[in-house]
Amino acid sequence: MNASSVAIPHDHDHDHNGGHDDHHGHITLQYQPGLPLSRGKLIMWLFLSTEIMFFAALLGSYIVLRFGAPVWPKPHHVHLSEPIGAFNTFVLICSSVTIVLALEAARVNKAGLAKFWMLLTLLLGTLFLGVKGYEYSSKFSHGIYPWAPRGHIYERPDLYYGSAVRARLGEPEMIDKLKELDDTEDAYLSNEQIRGRIRLKKVREMVASPDQQPFDLAVVADQIAPLPAEGASHGGSHGHGGGLNDTFPWLKLPMVIPGGNMWASTYFLLTGFHAIHVAVGLLVFAIMLSWKLNAKRAGAIENAGLYWHFVDLVWIFLFPLMYLF
Amino acid sequence: MSDHGPITRPGDLPDHDDSHGEHDAHDHGHGGIGKYLAVFVALCFLTTMSFLTYSSLWPWRDEPQVGWAFMMAVSCTKAMLVVLFFMHVLWEANWKYVLTIPAAMMAIFLCIMLVPDIGMRNRMVSQERALHMARESDVKLLERAAEAAMLEGMPAH
């Protein structure tokens, strides 16, 4: 590439022009790029260097926020499952391999094989997003949302928390529903709901009591949404399904996760931006699948692959920081 | 004038149009499927290594910082493998340093600059914030409440 784009003087093989023309017109003019790579790849790398800084800012703020925080929730406190995260890591690593194999196939002009690998990459990326969606929905079902008005996470079981629980129980629609629950005969309720009703009654008494102790409010918080014990984030005995919010999903009572608000903000921001990047990559692959992926397209596949590897790279750091720390 | 060479327009790289396959084979002939698969196996192995900190074999269970440092080292190794082999940076010319080193330095500076204002934000806090801030004691309190409920047989499980 370099040799062909350098201006080459032709001094010796054009003698027939005579002496008068020796100093002009014997130069082969060719475009010489500033860097020895195609424009597409150069632009992709420039874009990736801005992306490095974008994700470094996000990851950096997460690390700094996390280690500067007095309390940070343990992964099991916020229903994070390490095996699911590890599975998603594996899926992304596989998709990185398949896109690199698509590029290799395209370079040797095996368009069909290249298409197969790219389709596989697309499927793996979609699987990643599907698992991510499942994870998000399990957070939502436990009342953890990325936006404030829907979120009802309190930092500590203090008086403000107690009054928030009281306020929620005092909402007109709540009063109706609680009365309905109290009037329901035991025969129409499951054992869990019968026990839940007794616990709910006790919680209502405790928050209404004028002389609450901090420990009482901790008991209230534990009854509403207990912090899951380690190893109980999926189907464990304590935690999953143990709180009143799980027994009666319409309750939606405020709950206590120390450090939970900052955790939710950073978790959804980081994984959300990463998921957007994955989705953009999938869109690019979907468009490319309509092409004939022969050697002419190798440059484009390489650029899409560079982007995809970068997305994988971000997840390589996100996974331990989010799930294992 | 007829013996002028072809004048290419700035937009068209001479070797960008039809000789792409040739050029790439010449330029990037360093990959190879065997190498990619070896990197893949290494990446999978390293991912399981991150879980080593969770196993009973891990000797520093009381010092989480050791585990964190280990996991970051594993992540950096994985990142290097992806960048060097999958992104072909190992076989690129020296321009790679121009793009990656300044970006990496900016990224590190950016994180360091966040430390005084954000990382140390709880060294000096207003009374208002101190009142509402979660503390380690809150987690202990919740755990004690859970134990008490367990003893009383109050929860539904």
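This is a predicted model: local features need pLDDT of at least 70, side-chain atom pairs count only at pLDDT 80 or more; totals for chains, interfaces and linings use all residues.
**View 1. Helix 3 of chain B along its length.** Spanning residues 64–86, helix 3 of chain B comprises 23 residues, and the distance from its first C-alpha to its last is 32 Å, close to the 33 Å expected at 1.5 Å a residue. After the helix comes H88(B), which has a positive phi, near 60°.

**View 2. The buried residues of helix 3 of chain B and what covers them.** Among the buried residues of this helix are G67(B), W68(B), M71(B), S75(B), K78(B), F85(B) and F86(B). Their cover includes helix 2 (33–50) of chain B itself and, from chain A, helix 2 (39–68), helix 3 (82–107) and helix 11 (298–324).

**View 3. The interface of chain A and chain B.** The two chains bury about 7600 Å² between them, with 72% of this area on carbon and sulfur atoms. Of the area that chain A buries against chain B, 9% is supplied by Y31(A), W45(A) and R156(A), more than by any other three residues. The contact involves 92 residues of chain A and 82 residues of chain B.

**View 4. Polar and charged pairs across the interface.** Two salt bridges are counted between chain A and chain B, and the side chains of R156(A) and D138(B) form a salt bridge at 3.0 Å, N to O. Polar contacts across this interface link 11 residue pairs, with both residues at pLDDT 80 or more.

**View 5. The side of chain A that touches chain B.** Elements giving two or more residues to this side include strand 2 (27–28), helix 7 (191–208) and helix 8 (214–224) of chain A, while helix 2 of chain A provides the largest share, 17 residues. The residues of this side comprise 53 nonpolar, 22 polar and 17 charged.

Note on methods:
Residues are numbered from 1 along each chain as its sequence is written. Chains are lettered from A and ligands numbered from 1 in the order in which they are written. Side-chain values use heavy atoms; hydrogens and water are left out. Helices (H or I, at least four residues) and strands (E, at least two) are DSSP runs, numbered from the N terminus. The expected span of a helix is 1.5 Å times one less than its number of residues. Buried means under 20% relative accessible area, exposed over 50%, partly exposed in between (1.4 Å probe, protein chains only). Contact means heavy atoms within 4.5 Å. Buried area is the accessible area (1.4 Å probe) that two parts lose on being put together, summed over both. A salt bridge is a side-chain nitrogen of Lys or Arg within 4 Å of a carboxyl oxygen of Asp or Glu. A polar contact is a pair of N or O atoms within 3.5 Å; within protein, one must be able to donate a hydrogen and the other to accept it, and residues adjacent in sequence count only if both atoms are side-chain atoms. Ala, Val, Leu, Ile, Met, Phe, Trp, Tyr, Cys and Pro count as nonpolar, Asp, Glu, Lys and Arg as charged, and the others, Gly among them, as polar.
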